[in-house]
Amino acid sequence: MNKTLLYCKTTNMKKLLILLITLIIPLSSLPSAKINTYALKPPAYLAIVIDDFGMDRYGVEDMLNIGVPLTCAIMPNLEYSTTDSNNAHNKGHEVMLHMPMEANCYLPPNYYGPELITNYETKEGVITKINNALKSVPHASGMNIHIGSGVSEKLGIMKNVYEEAQNHHFYFLDSATTINSKCEQASALTSSNYLRRDVFLEPHGQKSYYNAKQFILQAGQIAQTDGYAIAIGHVGPEGGIMTARAITDMLTTLKDMNVQIVPLSFIDQQLTNAQLTNKHAEKLSTITSK
């Protein structure tokens, strides 16, 4: 038989066989490529705030070398306050003032540092102390609470804090160090966005690489549900290198979840522009209507 003719017949038979297989086997039974359903949705946003810059050096460099925009909360008027502020800013991170506020129980003075808003602070005292603190924290764009379980339970003082934050065009983050926080009411009274911590990466000061990874995952899941989430970790003995490693090692997971790490000011601006829905909006409307 002519070799060319044999080749053509063989090729036609192969085509016919492929056609028959296609007709017999349903498409649903064929293996399909995995589709990342998260990528089909709008991204969710996660702000990771890192407290306690300005003093203990444990984990500071590790944290600043993470290649995503963290929000670095700097304690004021300490040895490294200005250095950490400048370094964080220069490495592309956001800077915020980590303002010491008194607890609802006695703590040694060294827990707070030299600039402290007390449980009996006047409005003038709030203004003076925040402005003194900011002299050592350049590049700040917001503020949160260091300790503060006492002060944040006092609506009058927190209203003064929110008003002073507004004077500097700052956002304010409720670190939620007490279940009786009055920050939500204070934000409503001052028409400020209410930002509240969702997750601590080292709850009760207990650092753990594996636990921090789980809490980062939890924060990512909250962001997927609510559109955004806010987590707080620490440098120094409460977190430091372990927390920095956990954040670094979870970046791929968060990316696969379509969760973007952003500065906290980004979330604040998105809320202002109504690009995000404030997860506390229903409760806030109840407060303002009273």
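**View 1. K123 and E163 pair up between two helices.** In this predicted model, K123 makes a salt bridge with E163, and the closest N and O atoms sit 3.4 Å apart. K123 belongs to helix 4 (residues 123–134) and E163 to helix 5 (residues 155–167), so this contact ties together parts that are 40 residues apart in sequence. As for solvent, K123 is partly exposed, with a relative accessible area of 41%.

**View 2. K123 and E163 are linked with K159 in a network.** Widen the view from that pair and K159 joins in: salt bridges link K123, K159 and E163 in a network.

**View 3. E121 pairs with K129.** Here the salt bridge has its closest N and O atoms 2.7 Å apart. Is E121 buried or exposed? E121 has a relative accessible area of 14%, so with the cut-off for buried at under 20%, E121 counts as buried.

**View 4. K279 and D198 bridge two loops.** The closest N and O atoms of this salt bridge are 3.1 Å apart. K279 comes from the loop between helix 9 (264–272) and helix 10 (281–288), while D198 comes from the loop between strand 6 (195–196) and strand 7 (199–200), so the pair ties together parts that are 81 residues apart in sequence. K279 is partly exposed, at 26% relative accessible area, and D198 is partly exposed too, at 23%.

**View 5. The whole structure, searched for salt bridges.** How many salt bridges does the search find? There are 7, including K129 with E121, K123 with E163 and K279 with D198. As a general point, side chains of opposite charge can pair when their charged atoms come close.

Key. Residues numbered from 1 in each chain as written. Predicted model: local features only at pLDDT ≥ 70, side-chain atom pairs only at ≥ 80, totals over all residues. Heavy atoms only, no water. Salt bridge = Lys/Arg side-chain N within 4 Å of Asp/Glu carboxyl O. Buried < 20%, exposed > 50% of the residue type's maximum accessible area, 1.4 Å probe, protein only. Helix = DSSP H or I, 4+ residues; strand = E, 2+ residues; numbered from the N terminus.
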